[in-house]
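I set out to look up ring contacts, charges over rings and annotated spans. My entries follow the order of the look-ups.

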Amino acid sequence: MSLESLLLYIPLSALLVLMPGPDFALVTRVALSHGRGPGTAAACGVTLGIGLHTTLAMLGISAAIAHSPLLFNLLEYAGGAFLCWLGLRSLRGAQEAARAVLRCGEAAPCARTAGKADRNAFLQGFCTNALNPKAIIYFLTFLPQFMRADAPLGPQFLVLGGIMGLEVLVWYVTLANLLQAVRAFFLRPRVLLWLYRLTGAFFLLFGLRLALEALRA
């Protein structure tokens with residue numbers, strides 16, 4: 001691809017990465033409630049999701065999914081179901097998170113489960129991004145605008161997807177670290193309660209929207 005296309009792609013893709021969505025909501029909630037470490041783990045999970053979408057686009061699997069109503073609808077249902085589960089889990093866990101803060105100053109049961117919190121955050125970050133059907137559409141419609149049609153597409157997908165993955169990692173790791181400065185405020189039981197409720201409602205609404213889009217297809 002040309003240098004001009006690459007220099008145009010970098011800021012435009014960065015703007016898309018900065019737009020709030022399920023990934024942003026997840027990293028924000030995890031970083032504020034569980035701390036910088038799990039927030040960074042969630043960011044790495046989201047980045048791995050970008051890596052998966054890059055690989056699928058490079059191998060032509062994304063195009064096959066996008067052109068198959070059945071496969072794309074199944075992905076929408078899976079993504080919607082996961083976000084609904086995440087939302088319900090957040091809504092149901094709001095009270096417990098607030099009580100955990102009163103017990104030991106953390107939204108999770110203290111330092112004993114730090115490793116488990118990191119693993120859960122990583123898996124949630126990965127699934128939130130990997131099961132997002134919008135990402136497939138993005139990789140198939142936005143990225144090709146910066147590619148050369150007379151050159152192999154696979155390496156170009158790899159380069160552009162790699163750039164996006166790096167942008168995602170830098171942005172969300174930075175976000176997790178920035179949120180550490182205001183975390184003390186959000187660890188107040190009442191504030192944390194509403195953080196869980198609001199993010200839970202967001203995940204639930206976003207998941208229901210995906211499911212409804214699949215039903216209308």
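**Charges over rings**

I found the charged end of R197 over the ring of W194, 4.9 Å from the ring centre. I likewise found the charged end of R29 over the ring of Y196, at 5.2 Å from its centre. The criterion is NZ of Lys or CZ of Arg within 6 Å of the ring centre and within 35 degrees of the ring normal.

I note that the model is predicted, that local features need pLDDT of at least 70 and side-chain atom pairs 80 or more, while totals for chains, interfaces and linings use all residues. Residues are numbered from 1 along each chain as its sequence is written, and side-chain values use heavy atoms, without hydrogens and water.

**Aromatic pairs**

Y138 and F139 are edge-to-face, because their ring centres are 5.5 Å apart and their planes stand at 85°. Y138 and F142 are stacked, with 5.1 Å centre to centre and 25° between the planes. Rings of Phe, Tyr and Trp (its six-membered ring) pair if their centres lie within 6.5 Å; planes under 30 degrees apart are stacked, over 60 edge-to-face, the rest tilted.

I recorded one aromatic cluster formed by Y9, Y138, F139, F142 and F146. Y138 is buried at 15% relative accessible area, and F139 is buried at 1%. Buried means under 20% relative accessible area, exposed over 50%, and partly exposed in between (1.4 Å probe, protein chains only). F142 is buried, as is Y138.
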